[in-house]
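Subject: A structure for you to look through

Hello,

Here is the structure I promised to pass on.

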Amino acid sequence: MTQGNAAASTRAVDEEVLRAAGKVLAVHLSYRSRAEQRGRIPAFPSYFMKASSSLALSGSTVERPAGTELLAFEGEIALVIGTTARRVSPEEAWAHVGWVTASNDLGVYDLKYADKGSNVRSKSGDGYTPLGPALLPASSVDPDALRLRTWVNGSLAQDDSTAGLIFPFAQIVADLSQQMTLHPGDIVLTGTPAGSSVIVPGDVVEVQVDDAASGLGTGRLRTEVVEGTVAFGSFGNGPKTSEADRIDAYGSEEAAGVVPAVTGTSALSDEVKAKLLSVATATISGALRKRGLNNVSVDGLTATKPGRKAIGTARTLRYVPHREDLFASHGGGYNAQKRVIDAVGPGEILVMEARGEKGSGTLGDILALRAQVNGAEAIITDGGVRDLSEVAALDIPTFHNGGHPAVLGRKHVPWEHDVTIGCGGTTIQPGDIVVADDNGILVIPPALAAEIADEVVEQERQDGFVFRMVRAGHKVDGLFPMNREWKARYQAWVDAGEPDGAE
């Protein structure tokens, strides 16, 4: 199938088009709206394959397998390769695309667990890749300005354009051609924007691609969902879903009917943050102890910015003890240390597990500067710091276990990030709320943040009252802690607007 002289006109997707598809390749994430919905922006495209037997024409039906519930649609733009492409550059790649059309990358999330990332069963069912109804000549459309829309039962569910792509079509084609030959007729599914969700028997999904500049459009690709009647056999994996699968299939926790977990980001509102910053870490520690949390302090570290308090949600990095072969595989290049430092940002504190090992640096001035430029609130490590005087001169607070001139590889291998770690004698999970100053470093479980914030503000006010009373000459007996009489006097002081000279 080549462009030939048909570059200025469309043609129908027919059985010949389906038979010509030797490969069906699909991109996991390519639209920024979808990536933001999933909570991760990939640096490069990644792919999976669908069986060519999953291809279908507009007007076909798709079966939701018996015993499943999470069949989801994904409106996409499909590229049909026009001429052979092997190791082509991004600048050359678009010339190898013959046609553009609409597609629906259907998948059943009930089988996702069984694929172990391949998507073979979950995405390759018969009819799971309808195409059409018309092919648009690639040479006549603007790949950076195509509009993609999806309707479910007549209601608009997806509306985005290729201006929202993270990876342009030419990059995707060029990248795939680095390792495999793309033959005429091969199909590349280019990802779906936000709005994909679950469909049920009786639903009708329609997908359309339009090019405003040329006035060309595919027309609506129509697929109706029907209920399967044949159960899966016991000789293979059957349907099974998790909460995570439901969220992925529906597109959000709210749509999936899943109660959102309390995370550090959601728990650390501006109000909660202001309250926690207004009180001493000792007061917060007391509130944590009242809840049975006695081992939530990171101990033994020194602050580069005495008097500065930092608060944020934890991003974590774990080092393992140095071993030559492991450092060779994990220590060089864009390792876990560099990746997390590139990723940490405003509202976040980077916390490193170094096992209390002081015998080499866990970061130096360049990486600390990178975290500062990214807007990170602080760096915490129970290991050593290289270039300590330069790190201390930066604006970002760093809490450390001492200086050491040696580089990372003397004692550590940067192993993994954004995992549960141990630092300074306590456990820290990604998303935990961390409050740090030169008086101490505390870890607050996100689910407790709001109630602790309210409590510590009140406790700090009570402590301020007691301090004033002691300074005025009152005995601590009955005052610290306050008995009934002193509590009444305290309440009167609060009701009077907290005058400085309370008696």
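Below are the features I picked out for you to find.

Please keep in mind that this is a predicted model.

Let's begin with a pair of helices. Helix α13 (residues 336–343) packs against helix α14 (residues 365–373) at an angle of about 30°, and their axes are 8 Å apart. Angles under 35 degrees count as roughly parallel, so α13 is roughly parallel to α14. On the α13 side, Gln 337, Ile 341 and Asp 342 make the contact, and they meet Leu 367, Arg 370 and Ala 371 of α14.

Next, the surface. Val 470, Val 476 and Phe 480 form a nonpolar patch there, with about 280 Å² of accessible area together. Val 470 belongs to helix α16 (residues 449–471), and it counts as partly exposed because its relative accessibility is 37%.

Phe 480 turns up again in a cis peptide bond, which joins it to Pro 481 with omega at about 5°. Pro 481 sits in the loop between α16 and α17 (484–495). The peptide bond from Gly 132 to Pro 133 is cis too, with omega near 0°; Pro 133 is in the loop between β10 (129–131) and β11 (134–137).

Finally, look at two asparagines. Asn 119 has a positive phi, near 65°, and lies in the loop between α4 (112–115) and α5 (120–123). Asn 153 also has a positive phi, near 55°, and its loop runs between β12 (146–152) and β13 (155–161). Which of them is buried? Asn 119 is, with a relative accessible area of 10%, whereas Asn 153 is partly exposed at 46%.

Happy exploring!

Conventions:
Residues numbered from 1 in each chain as written. Predicted model: local features only at pLDDT ≥ 70, side-chain atom pairs only at ≥ 80, totals over all residues. Heavy atoms only, no water. Patch = residues over 30% accessible without salt bridge, like charges linked within 9 Å, V, L, I, M, F, W, Y side chains within 5 Å. Areas by Shrake-Rupley, 256 points an atom, 1.4 Å probe, with all protein chains shown as cover. Salt bridge = Lys/Arg side-chain N within 4 Å of Asp/Glu carboxyl O. Helix = DSSP H or I, 4+ residues; strand = E, 2+ residues; numbered from the N terminus. Buried < 20%, exposed > 50% of the residue type's maximum accessible area, 1.4 Å probe, protein only. Axes fitted to C-alpha atoms, helices over the stretch in contact; angles between N-to-C directions. Parallel < 35°, antiparallel > 145°, perpendicular 65-115°, else oblique. Contact = heavy atoms within 4.5 Å.
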